Amino acid sequence: MTINIILNIILGVTLVLAAAWTVMTARLLRSVIGLAITSVILTIIMFRLNSPLAAVFELSVCAGLISAIFISCISLTQRLTDEQAAEKQKERFSKFWLLPVILVLAGVALYQLPITLDFHLPAAPTETDVRNIIWNLRHLDLVGQIVILLAGAFGVVALFKD
Amino acid sequence: MLSPLLLLPLLAILILNLPFRSLMQKLAVWVGVGLSLWQIVAVVLLAMGHKSADPWGKFFTLGLSCDNLTLVLLTSIGIVVLTTILVGWQTIGGDKQRFGFMNLVFVAMIGMNGTVMLTDLFSLYIFIEVTAVASFILIAFQRDTNALEGAFKYIILSATATVMMLLSISIILLVVGDTSFAAAGSAVRQFQGNPLVILAVGIFMCGLLIKGGVVPFHGWLPAAYSAAPAAASVLLAGIATKTSGIYALIRLTTSVFANNESLNNILLLAGAISILVGAFAAIGQSDFKKMLAYSSISQVGYIILALGCGTNLAIIGAIFHLFNHSIFKSLLFVNSAAVETQSGTTDMNKLGGLGTKMPVTNATSMIAFLSTAGVPPLAGFWSKLIIVVALWQNGLHAYATIAVLASVLTLAYLLLMQRKVFFGKLADGLANVKEAGWGITSAATILAAITVSVGILFPWMFNSVLIPISSFLK
Amino acid sequence: MTDSFILLPIAIPFIAGIVVLLINQRIQSVKEAITLLATGATLVLTITFCKENINLTIPWTGFGIDFALRLYHFSAFILVAASAFSFLFVLYSCSFMRNKPYLNQFYSYLLITLAMTNGAVLADNLVLMLFFWEGLLLTLFGMIAIGRPGAFKTAIKAFIIVGISDLCLMMGIGLAGHLAGTFTISKISLSVDSLGALAFILMMIGAISKAGSVPFHTWIPDAAVDAPLPFMAFLPASLEKLLGIYLLARISLDMFKLTAGSWISILLMTIGAITILLAVMMALVQKDYKRLLSYHAVSQVGYMILGIGTCLPVGIIGGLFHMINHALYKSCLFLTGGAVEKQTGTTDLAKLGGIAMKMPVTFVCFVIAAASISGVPPFNGFFSKELVYDAALERGMVFYLAAILGTFLTAASFLKLGHAAFLGKRSEHNENVKEASLPMLVPMVVIAAVCVVFGVWNYLPLDNLIKPILGAEHLEGLHMAPNTMLITVTVIVLIGALLHHLFAAKVNGSGYKASDHIRHAPFLEGIYTKAEKRWFDPYDIVLKIIQGISRFGWWIDRAIDWLYDDFAVRVTTGLSCVIKLAHTGSYSMYVVWSLIGVLFVVIMLMKSF
């Protein structure tokens, strides 16, 4: 039990750190890697919460699709020079100082305001075997994801191979 | 019979990208023509009832389904992809470039075929994304500032749409634990008053409206259509955005979102605003392709308007207009491609008097614009008539009036276009312009023939083809 | 003869039209032969149909919209008239249009126009009629556009004006169909109450604008100058009048129960009276043969609308009879205009004159037709106008006075036209003018002869053509005896017009300038300061008023023109500019729009629960 709690806390903290890094890093490519890491951690958390279907979705969306789109998008931009990168590095904290403040305020507001979201929803059916989910339930998505990766590859070839 | 529609293009991509590059680069166009023709044949076979024989069914059970709405869309996809390939053949120089273009068209084709055949919200999202990624790259294909800007705008707004659709899917997953249309539909009906479910419905719809380019979600559309290379704008305007936005909206409103009144009111309002804003903006454009892009927004407005009306007749009208629009708008973009490649510009102020130099383009563009404006007996007239009649029958007289009046505006701006580009005195520097190559003219002729024959055959088609479309509405 | 033969009057000209369009531009005679054959065949066919009653219904689109045709005496009569006019105009064009550009388009449009007219007349379903009606819009556009260079602008103007009134017709048809529950014309019977009145007025706008009434007439004088001349004789002068008045008669006699004394009747009569006066004022001061005629083509519609608007059997008979008569004499006048243009090369009255002896046949035809239009007994125009006067007097003195004043001014303007064009001093320019060729003379002579026949033996058309249209129940107690008092007034007015012309011509120096005193204000003052010194004071005031009205009319004419040409365009471009400004191209702005849209959608949805 305690191990589980400790693990959850570790995962939660890494998730927040990875997300923060994603937002605040100066180089876009690193940011994408940060996003991928974030989504992998999120996937693990979802597995641990007994929701493998959601986990598979998360994995395929973030680690697969969006990364492919972002990488092809980033390659359209110009690489920062080192000085620019250092500049960005400096201003990243000043840029985001509002963020924790907003977070705290939102938390307080949520806690104080009488917002009740207690509608009765049925528990989602659980499917434990990941292989089963990926191969038997979501194989159409698999085809789609393969095609998206292909499209990303063609995009890089068509737009950047000179 | 269904899974090959998805897997054959995929197989084609894989085989074409094997070694023997130079051979494959020559083959690619023929493969594309073959695939699109095969798709049309397959639709005919499917329509005649050959549903059982699925040779690949043993290996791939992809959970695809097919009803009459799907068949209509598959036909349009086949036709528009064929014309795109013909135009691309002619307009995109260099074997390598053309090869890349064809590959992307195949990817878009897979995306669109998948979108119309699947039955699951999450898969829908994935295949919409497939089409979108192919579209991004196609828009940016020319790599100049305009193209990159257009692509960038589309990526940004498309990402907004993606976020909204994913959020909506996650809410539905939370509620029922499944994302198939049937499950989602029952969930929406069951938890009708639940704010979370309403939120899910609302933002999914908005995501699709962004994809479809409906006012006020249309910001990306003019830049994207006009910046894309000629052949790609045929694909985008003709079918890509219609499939990923409008088809999905039709499918979801009829089978997932409960048929509720405020949803319909929103659609009606969005449709009417799109019609008017698109038409007025089109009048003020001096760029040929930009004008067509705004015209596209206006025509999509008709479809949304009919969808908002919600009766069976209105939905038939919406689907028929979707088909017609994919034909005549592709035709107009094919004509703009002809003008662009031959004269080197799409600025209508610099064009003029091309009618005598480019007779085929002139004649087909005339047909397309008359059909768009809803002049009988062309196809566009009938679909608009059905929409107006349905609106009127349902008591929505104000919207019916807007629909009728806006077709005057349509006539006005397209007449302006026709006049500036094709009629009048030959503009300076265009003395040596010739008719476009056979790829473009044959594509234009095919599309014009379809518009005219659908229009003329309509009285016979109405009972035997159009009415049965509504069978998918239970 | 089977019922489906009724399709032939539509099919023959249409197919011939397509064939002519496809034939090579160089083989003129083949095209002419095909066109003549097709119109001739249609004419023969419609004459054989004349006494039949046929109903044909083919299922078409559903929603109660069938391909329904109905042939009965009224539609049969219009069919014969349309086909006969087409045949004669084609004959005329064979000579007039020879070696002009766009010949295949001209003949093709002419044939398709005939097909569409026949279709619109035969249609027994409002939507089907609208279908043919819109087809006419396209051929109208095409016919004007192939005129002289620069005609395109006029074509656009005609297209917009006629398009807008067709739109009104469309809405009227939708409303009428909605109220009656059916689109079948012969089954519709509506009263003219609130919504019914709206439907009637919308459809009426479509009908009278096709006929060319004020305020939908402004394209006609422009087209007179720009379009090929046979077009003017063909469409605005005859076919469109037939069609417009046919529809007006159908809606006010069959589809709507219109009664004398209803405000709609007053409205129609007012439109008629205003049309008569406004257009004739404009006609009087024109200096161009064709333009002058085209304003009369507008003015005479006023008599038909006035006649039908009275809702009295006499008036309706008079209006319909005037429709036939007008089609006859006005097309004859246009044909003489064409002959003059072809032979002398101009239609400017300043350059014409003294050619009566050179072109005697044309001149005689012109005199007959001009006497007809001015209402000189015993030509046909006299009798139809008398009937209209009779009915107008019964409904109100004002309308009668308007009609008789119109006659005075019509007579004055035709005296001026005849004087300036055919009589007077011959200029050197016209020394070598010859009579027109035979194919051009035949239609003129035929039509002029019919004018005389319909005048002297006026019971022939009245008993055989017009009265059956109304049906027996309308004709009871109808007195058709000529009213001696009215005839006397008419004759006095005509003599007055003659005296006025002679006087004016003498004072102004020539027939060409006979109306200058109305047109040019300084010249007007020049004459009438002299006149004041004598004993002419009251006349001066009247003329000043007339001039004021004329200027007012001109102002209204321009205002209407501005409404079509400028205002609509400005509003549209203004809105367009606003929308264009909103599209700045900034993607962040677009994202904000989208998010506002999302917010709106979600709030709308949430509110409903």
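**Stop 1: chain A.** One thing before you click: this is a predicted model. Select chain A and colour by secondary structure. Chain A has 162 residues, and 23% of them count as buried. Among its contacts with a separation of 6 or more, residues 24 or more positions apart account for 67%.

**Stop 2: chain B.** Now switch to chain B, with 474 residues, of which 64% count as buried. Here you get 18 helices and, once again, zero strands. Take the contacts in chain B between residues at least 6 apart in sequence: 81% of them join residues at least 24 apart.

**Stop 3: where A meets B.** Show both chains. Here 27 residues of chain A are in contact with 34 residues of chain B. Which elements of chain A give two or more residues to this side? They are α3 (52-74) and α7 (139-160). Colour chain A's side by class and you'll count 21 nonpolar, five polar and one charged.

Stop 4

**Stop 5: α8(B) on its own.** Zoom in on that helix. Is α8(B) mostly covered or mostly open? Mostly covered: 15 of its 18 residues are buried. Try the distance tool on its end C-alpha atoms, which are 25 Å apart. At 1.5 Å a residue, the 18 residues should span 26 Å, so the two values agree. Then step just past the helix to B:G213, which takes a positive phi of about 75°.

**Stop 6: a helix pair in chain C.** Select residues 263-284 of chain C, helix α10, and residues 289-309 of chain C, helix α11. Their axes come within 7 Å and cross at roughly 160°. α10(C) and α11(C) are therefore roughly antiparallel to each other, and α10(C) passes α11(C) in a left-handed crossing. Show side chains to see who meets whom: the residues in α10(C) include C:L268, C:I276 and C:A283, while those in α11(C) include C:Y295, C:V301 and C:I308. The contact divides into 17 nonpolar, seven polar and no charged residues.

**Stop 7: another pair in chain C.** Move along to α12 (residues 313-344) and α13 (residues 360-374) of chain C, whose axes come within 9 Å and cross at roughly 145°. α12(C) passes α13(C) in a left-handed crossing. Among the residues making this contact are C:Y329, C:K330 and C:L333 of α12(C), with C:F366, C:A369 and C:I373 of α13(C). By class, this contact has 10 nonpolar, four polar and one charged residues.

Note on methods. Residues are numbered from 1 along each chain as its sequence is written. Chains are lettered from A and ligands numbered from 1 in the order in which they are written. This is a predicted model: local features need pLDDT of at least 70, side-chain atom pairs count only at pLDDT 80 or more; totals for chains, interfaces and linings use all residues. Two residues are in contact if their C-beta atoms, placed from the backbone, lie within 7 Å. Helices (H or I, at least four residues) and strands (E, at least two) are DSSP runs, numbered from the N terminus. Ala, Val, Leu, Ile, Met, Phe, Trp, Tyr, Cys and Pro count as nonpolar, Asp, Glu, Lys and Arg as charged, and the others, Gly among them, as polar. The expected span of a helix is 1.5 Å times one less than its number of residues. A residue is buried if 20 or more other C-beta atoms lie within 10 Å of its own, exposed if 12 or fewer, and partly exposed in between; C-beta atoms are placed from the backbone. Axes are lines fitted to C-alpha atoms, for helices over the stretch in contact, and angles run from 0 to 180 degrees between N-to-C directions. Angles under 35 degrees count as roughly parallel, over 145 as roughly antiparallel, 65 to 115 as roughly perpendicular and the rest as oblique. A crossing is left-handed if the near helix is turned anticlockwise from the far one by less than a right angle, and right-handed if clockwise.
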